[in-house]
Amino acid sequence: MAKTVKINKCKVCGYEMVGYMGKCPECGAFGSFEELSRSSEGSTSERRPRADITRLKQIKTSNSERIKTSLEEFDRVMGGGIVRDSITILTAKPGAGKSTLLLQVANDLAAKGIKALYATGEESTSQVKARADRILKNISDDLYIVSDNSMDSVLGVIDQVGPDFVIVDSIQTFVLDSFPGSRAGSPTQTMECAYELVKVAKSSNKPRMVFVVGQMTKEDELAGVRALEHLVDTVLVIEGDSGEELRTLFSTKNRYGSTGEMGFFNMTEEGLLSIDNPSEYFMTRRSEGSQVSGSALTVVKEGTRPIILEVESLVSHSFTPYPSRIGEALKREQLNTLISILEQRGGMPLYDKNVVIKTTGGIKLKEQSSNLAVIMSIVSSVKGKAIPSGTVFLADVGLTGEIKKIPSLDGRLREADRMGMTTAFVPFDASVKSKFENLSVKRVRNLKEVIDTVLK
């Protein structure tokens, strides 16, 4: 016998419950529950669906096919290319280059014979064409475009054209006709449109590569319900200020690859250009005799790739009782800790000095491996002496002032050697297995020894 059950569903995250609460226990939103009616037929056991059961060891696996593009940095973040039966969402602040990047990828694949469809609900076809004329040298014949905010129309075009690569820009502007009471961008429309695109990507008859552009909120989060991130295979984010050329692409979720990889691009008039040698980009080449104080080099790891990075410090006299501690590239608490170590273990008082830290290119210092370089850049600035050219610092510094080991040291040293560095300061007990052409490895025990050796 059919019964009607009253449930409450959160409009933000989709959490369901029988009772009512003012605050959603799943996402923390207030006043987000709405009452829905749901019919229930027969007993619970009668309504249970039957599923096929298979022993896990008997299941045959197949590696999903990956499609590579000409953008090496993009392929790196994707895990080596785009998986054919996958759905990816790309988000960023306005003007960061979301549409530009995907248009470049679409045209690149189309030039290789992969039919691509660009569906836009925000711009007209003439606006997209104007961007394409600016950033693309040759527009492929296999690149199609449709401007319509009806997801039903887009799905019809997909059936008609039969593309292998689909872009939907942006998901918050599309609506399905079967939900007339919901406006574009509402949780219902966003999720239902996304479900339809998942079906398109995972079709057994014709699997497709689907990319969805997602708008970003003022809190730098993907707009809409959190369930959208759980639904897709990969979530990509582009970071970079609109006034700067550098753009960083990384993933916060990737079912087919690592979430630690980062891709670097230059935003130019011709679109986003891959930075294929980041070490050259994130350091300043200075000729012998032109070194400046306050600069030190280290090697950080972004994903699986080591990158030489320049750390810059500016130390000035403070005219207030509370000197400034500004770390554009690291947390203020971490900077204060390193300054305390330098004062106590390095014998360098900074209680009346302002200290400002930044990195060339704006990369955030997320590893402890850069701590010795940060301290040595401060020492160099205080003493007004430049660190010798070709010197890199690869170590952490303990509260005792001792030089501590870091992971993946050999890979970092090989990158320093490849870039022509001549001297590397590492922990005294570090294990170094590689042999180098240009690099001399110096082992040090404590911070005072490093300061006395480098800046006599």
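Of the 456 residues in the protein, 48% are buried, where buried means under 20% relative accessible area with a 1.4 Å probe and protein chains only. The model is predicted: local features need pLDDT of at least 70, side-chain atom pairs count only at pLDDT 80 or more, and totals for chains, interfaces and linings use all residues. Residues are numbered from 1 along each chain as its sequence is written, and side-chain values use heavy atoms, with hydrogens and water left out.

Among contacts (heavy atoms within 4.5 Å) between residues at least 6 apart in sequence, 64% join residues at least 24 apart.

Helix H11 (residues 409-418) is mostly covered, with 7 of its 10 residues buried. Among the buried residues of H11 are the charged Asp410, Arg412, Glu415 and Asp417. The cover over the buried residues of H11 includes helix H8 (278-281) and strands E15 (295-302) and E16 (305-317). Just after H11, glycine 420 has a positive phi of about 85°.

A volume is the space filled by probe spheres set on the points, which are joined across faces, edges and corners.

| Space | Volume | Lining by class |
|---|---|---|
| Largest pocket | about 1,000 Å³ | 13 nonpolar, 11 polar, 14 charged residues |
| Second largest pocket | about 390 Å³ | 5 nonpolar, 4 polar, 3 charged residues |
| Largest cavity | about 50 Å³ | 2 nonpolar, no polar, 5 charged residues |

The largest pocket is lined by 38 residues, and the closest to its centre are Glu239, Thr248, Gly362, Ile363 and Lys364. Strands E11 (234-239), E12 (246-254), E15 and E18 (353-359) each supply at least two residues of this lining. In the second largest pocket, helix H3 (residues 98-111) gives the most to the lining, with 4 residues. The structure holds 1 cavity of 30 Å³ or more. Lys364 is also among the residues that line the largest cavity, together with Val300, Lys301 and Glu302.

Conventions:
1 Å grid on protein atoms, 1.4 Å probe; cavity = no way out; pocket = protein on both sides within 12 Å on 5 of 7 lines; lining within 4 Å. Buried < 20%, exposed > 50% of the residue type's maximum accessible area, 1.4 Å probe, protein only.
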